[in-house]
Each structure stands twice: as structure tokens, then as C-alpha cells.
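Work through the exercises below with the structure in view. Each task is followed by a solution in steps.

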Amino acid sequence: MKNIKAFLTALLLFIVTVTGCHFLISGRENLNNPQFSTWSEDDKSRNRSGLMANLNECSIPVFGSSEFQHGTDTPYHPAQVFADTSFNPMLIGAGYYQSLSHAITLAAIEPALQERKAVLFLSPQWFRKTGVVDQAFSSRFSETLYDGMLENEKLSSETRDYIRERAHQLLSADTKTRDRILQHEEILLEDQGSFAEKFFDSAWYAFLEEKDRFSLTVKELQSGIRTGEGVAQENTEPDWEALLDQAQAEGDRENQNQFYMDPDKYQKLEPYLPQKKGMNSDAVTGYQNSPEYDDLRCFLQVCRELEIEPMLVLIPVNGYYYDYTGFPKEARQGYYEKIRKAAEEYHVRVEDFADQEYTKYFFEDRVHLGKKGWVMVNESIYRFYCED
């Protein structure tokens, strides 16, 4: 009898807690605040309800990886550049996000897209021989986004099957999650499973959605983001020329180094430079043979089937540093050309920055965008957004 009372008491407390949390966070995911769009937080990128609630007529998703967490305290990051404009680029991504994760996310949030455009930053490191590694993929995997992708009836069975097979393969690093999505696919796509299995599957995904909302709300409160007043009424275009001049002058004032990196990044790298000299001289086919190219094509196919116009942003490498390590120029050019050919195959636009390898202050470090890089890339995104 005591055990039954204890169980019922615990159950009641659980229900009260869950109900209280639900009412606490209800509606908070719709912040109506431009700060949310350029907020570089991984929890946001994995949160389907939060992303969909904050997409509006002035938003386009901008997919990328670790570059979004670099330069956030400078006037050149999107969070500062677009603060006074009506344009709200929805930054999605962090380290270890690559083409496949972004294909899943785009398919999941597509019903909320009012502006039918999307941007994908391409980092050369994605295109190593392994492509995205299983541990990296599983660390960024979102079951709610995957569920949204499965439910998007606009996707062809071929595209959905490609995503499923790749996800099954890469989730070998997280077999519990893989087993759950396998069962979910059977229930959702094949109408298999007992009544109890279907009930628990439905309850699990309802729990995940609630958990996503709660964790995002906590992060928002910690970051200081509050409900805003929506987008600006007038679109004030940033002064790109002034920003470039500012970036150039700031770079010139800093202590220059042989790679034109930010001084703090160079100082951290400097003790290891002797062992890095010439270390990549045998990378004859670097970044040219990778399963990532098929994942990129999958992303472009998702765009085609969902009638979304994509723009690829081809980010190069720091030519000064890559020359120092002996990484062949021919290998770099081969990678750039493969991206151009993939874009040509799908008839999509490429904002090609391959000729900026030797632009001073374009990079913060070896590969991440720096002062001038952010200005130039931000302008290209803004032009794409403004086009009819």
C-alpha cells in the first residue's frame, strides 16, 4: 500500500512539474526578435519548433558550421552587421554540422519558410576523405528535425531513402538513437508496430518537442534574449564600403604576421609552426574525394524538390598558411572546381570566394572568416536576399 501511495505521489508530482513547465514556456519560442536569428547557439540549431516559430517574411536560413561562433564580438559578424536592418538571416549550425545535417533541417523547417531561399556555407574541411564522421554527426543529430524531414511529403522517396540510409550508417556511434528512429520509421512510414509501440512512440516525440522548448527557453533566459518587436519597418542597407575600410584599417593597426591572421590566433599557432612547415605536401588530391559531395547533392536535391532557391558560399582557405604547410595549390583548385561543377549540375548560384585566398585579413585563422571575409560574405548574402 505504501509503495502504491509513493508511486501515485511521485506520478502526481511529475504531472504537476511537467504541466507547470509547459505553461511556463508556452509561446516563448516565438521571440519575434532579430537577435534570435543571428544567435550562434547549438541548441537553437537543433530546435525545430524554435526555428520555425521565428522564421518570418524577412528571414532566410543560412546554414554553416563553426564560422558562426567566430568573430561574434566584432562589428563584422552578422549579429552586428544586420542589427539595424529588416533582414534576419537565420544562422543554423556550429562545429560538426555538414551538408547532410543541413539537408535534414531544411526539409524539417520548410513548411515555415516564407522567403523561399536558403544559403549554405561550404567549408573545405567537410570534404576530407571520410566526409562527416559518425561521432560528429550523432553529436549534432536531432530526432525532432529528423521526424520533421520524414513527415515532409514533398520529398521524393529516393531523397528520403538516401537521407535515411546515411543517417542509419552514421548513427552507428549512437545505437540507441538509431534503434529509436528505425522503429519510428516503421511506425510512421510503414504503419507497423503494436498499439503500445505506437503510443509510446507518439509520447516520446511529444516529450522531445517539450524538452526542446524547455532547453531553448533556459538558454534564452541565460543569454538575455527577450521577446522583441519584430523586424524593422525600413530596410537600411549596411555601408559595405565603410565596413571594408574599417576592417582594412583595423587589420593594418594590428601586429601583422606572415599569414595575416588575427594576432591572438597567430600567437596560439606560432609555437607549433616548425612542425607544420611542409607537412601537407603529399595532399595531392586533398578535399577532392569525399562522400560529402553526395551529401551536398542531397542538400541541393532537397532544395529542388521543395522549390527553394539555394546559394552556395564557397569559402576558400588561407593561402598563406596552406602554402606554408605545402598543401598543393592544384589540390585546392581541384576542390573549388568540383563545387562549381556540382552547382552547375543543379543550376544553382555560387558566391565564389576562391580568389580571396591571399586577401589580407580575410581570415581570422587558417580557415575561419575574419574581418574582411565576414564583410564580403555578409554583403553577398544580403544581395541574394534582396533579389526578386
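**Exercise 1.** Find which residues Arg 164 touches, not counting residues up to four places away in sequence.

Solution. The model is a predicted one. Start from Arg 164, which lies in helix H9, residues 157-170. Leaving out residues up to four places away in sequence, Arg 164 touches Tyr 146, Leu 150, Glu 185, Leu 189 and Glu 190.

**Exercise 2.** Decide whether Arg 164 is buried or exposed.

Solution. Take the relative accessible area of Arg 164, which is 16%. Buried means under 20%. Arg 164 is therefore buried, because 16% falls under that cut-off.

**Exercise 3.** State how many of the nine residues of helix H8 are buried, and which they are.

Solution. Helix H8 spans residues 143-151. Eight of its nine residues are buried, and the helix is mostly covered. The buried residues are Glu 143, Thr 144, Leu 145, Tyr 146, Asp 147, Gly 148, Met 149 and Leu 150.

**Exercise 4.** Describe how H8 and H9 pack, and which residues make the contact.

Solution. First, the angle: H8 and H9 pack at about 155°, with their axes 10 Å apart. Angles over 145 degrees count as roughly antiparallel, so H8 and H9 are roughly antiparallel to each other. Next, the handedness: the crossing of H8 and H9 is left-handed. Then the residues: H8 contributes Tyr 146, Met 149 and Leu 150, while H9 contributes Arg 160, Ile 163, Arg 164, Ala 167 and His 168. Last, sort the contact by class: five residues are nonpolar, one is polar and two are charged.

Key:
Residues numbered from 1 in each chain as written. Predicted model: local features only at pLDDT ≥ 70, side-chain atom pairs only at ≥ 80, totals over all residues. Heavy atoms only, no water. Buried < 20%, exposed > 50% of the residue type's maximum accessible area, 1.4 Å probe, protein only. Helix = DSSP H or I, 4+ residues; strand = E, 2+ residues; numbered from the N terminus. Contact = heavy atoms within 4.5 Å. Axes fitted to C-alpha atoms, helices over the stretch in contact; angles between N-to-C directions. Parallel < 35°, antiparallel > 145°, perpendicular 65-115°, else oblique. Left-handed = near helix turned anticlockwise from the far one by under 90°. Nonpolar A, V, L, I, M, F, W, Y, C, P; charged D, E, K, R; others polar.
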